[in-house]
Amino acid sequence: DNLKLLNKEISTRWIDLYVTDDEFEAINSSLLAEKDDYRTVIDFSSKMLCRIFNNSSFDHGGRFYGGWWEQIPSEWRPFITINNCLTVECDYSSLHPELVYSLNNRPRPEGDLYTIEGLSNYGVDRDSIKLATLIIINATDEDKALSAIERHEGIALENIQPDEFLASLIDKHSEISDRLFTGYGTTLQNIDSEIAERLMLRAVKELKTVILPVHDSFIIQHDYTDWLKEAM
C-alpha cells in the first residue's frame, strides 16, 4: 500500500534533466557503454518504483529500484529537476558501517570509517577502502571477500598485496570483526530501505512533494533542503 501511494505521487510529477541536447547524448552514450544489461538509454517514463527483497525474507534487502534517476552517472544527478524545480541530493556518510557499530553497541574508530592510516603510502584511495569495506560486510566468507576485492575494477591495489589490504581492513574494524564476512549487508539494506520509505512518506504527508530515492541518498526540490536534512 505504501509503495502504491508513493508511485501514485511520483507519477504526477515531471522528473527531468536540465542539460543540453549534446550533454544528454553524452549521458546516453556512457550508459550504452556500461556492462550492466539493465543500463540503457534514459527513459523518462521509467518512474515506477519496486522493492526487491532477498533470501526469501522481508527482513533482507527491500531497497527501491526502477527510477531512471538511479541509472544515470552520479555526476549528472545535480541536474535532475522535479516539476521544473532544481533539486538537491543528501546522503548519509558511511551509513552501513555506522549502522553495524551502532546496532551492536560497539565503539567506532575515530574519524572517517573509510580512511586507514598508512594505506595512502601505498596509493590506496578512499574510494577503494569504501568499496572494500562494503565487500567485507556483505561477503559470506573471507575467501569470497578477498576474491571480490581482487576482481573489483574500482579497487586500485598497485603497491600492496590484496591479502595485506584485507588484513588492514579487518584491523581497522576489529570491534565488529564478528559481523564481517557474515552476509550482514542485506540486513543493513533492509534498514536503509525502511529509512527511505519513512522519508518518502513524510515528504508526501508533510510537504505534499516527492523524494526520489537512490538507496541511502535522497533527491528533493531545492527549497526543501533543510527539511530533508532534519528529517534524515
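Modeller: In this predicted model, strands E2 and E3 run antiparallel and are joined by five bridges. Strand E2 covers residues 50–54, and strand E3 covers residues 57–65. Ser56 is exposed, because its relative accessible area is 84%, over the 50% cut-off.

A second hairpin is formed by E4 and E5, with two residues between the strands. In its turn, Asn83 has a positive phi of about 50°. Strand E4, residues 80–82, pairs with E5 in the antiparallel sense over two bridges. Ile82 stands opposite Cys85 in E5.

From E5 the pairing can be followed to E7. Strand E5 spans residues 85–91 and strand E7 residues 217–221; their antiparallel pairing extends over five bridges. Thr87 stands opposite Gln221 in E7, and Glu89 stands opposite Ile219 in E7. As a general rule, strands of a sheet pair through backbone hydrogen bonds, either parallel or antiparallel.

These pairings belong to a wider arrangement. Five strands make up an open sheet, in the order E1-E4-E5-E7-E6, with antiparallel pairing. Its edges are strand E1 (15–17) and strand E6 (212–214), each of which pairs on one side only. Neighbouring strands of this sheet are turned by 35° against each other on average, with direction ignored.

Cys85 is in none, and the nearest cysteine sulfur to its own, that of Cys90, is 16 Å away. For Cys90, too, the closest cysteine sulfur, in Cys85, lies at 16 Å and is therefore too far for a bond; the cut-off for a disulfide is a sulfur pair within 2.5 Å. Their surroundings can be described as well. Cys85 is partly exposed, with a relative accessible area of 32%, whereas Cys90 is buried, with a value of 9%.

Asn105 lies in the loop between helix H3 (95–103) and helix H4 (126–138). Asn105 has a positive phi of about 55° although it is not a glycine. At 69% relative accessibility, Asn105 counts as exposed. Just after helix H7, Lys208 likewise takes a positive phi of about 55°.

The helices complete the description. The axes of H4 and helix H5 (residues 142–151) come within 9 Å and cross at roughly 155°. That angle makes H4 roughly antiparallel to H5, because a value over 145 degrees is counted in that class. The crossing of H4 and H5 is right-handed.

Helix H7 comprises 23 residues, 185–207. At 1.5 Å a residue, H7 should span 33 Å; its end C-alpha atoms are 32 Å apart, so the two values agree. The expected figure rests on 1.5 Å times one less than the number of residues.

Finally, Ala231 lies in helix H8, residues 225–231. Ala231 is buried, as its relative accessible area is 16%. The C-alpha atom of Ala231 is separated by 8.4 Å from that of Arg202, although the two residues are 29 residues apart along the chain.

How values were computed. Residues are numbered from 1 along each chain as its sequence is written. This is a predicted model: local features need pLDDT of at least 70, side-chain atom pairs count only at pLDDT 80 or more; totals for chains, interfaces and linings use all residues. Side-chain values use heavy atoms; hydrogens and water are left out. Two strands pair if DSSP finds at least two bridges between them. Helices (H or I, at least four residues) and strands (E, at least two) are DSSP runs, numbered from the N terminus. Axes are lines fitted to C-alpha atoms, for helices over the stretch in contact, and angles run from 0 to 180 degrees between N-to-C directions. Buried means under 20% relative accessible area, exposed over 50%, partly exposed in between (1.4 Å probe, protein chains only). Angles under 35 degrees count as roughly parallel, over 145 as roughly antiparallel, 65 to 115 as roughly perpendicular and the rest as oblique. A crossing is left-handed if the near helix is turned anticlockwise from the far one by less than a right angle, and right-handed if clockwise.
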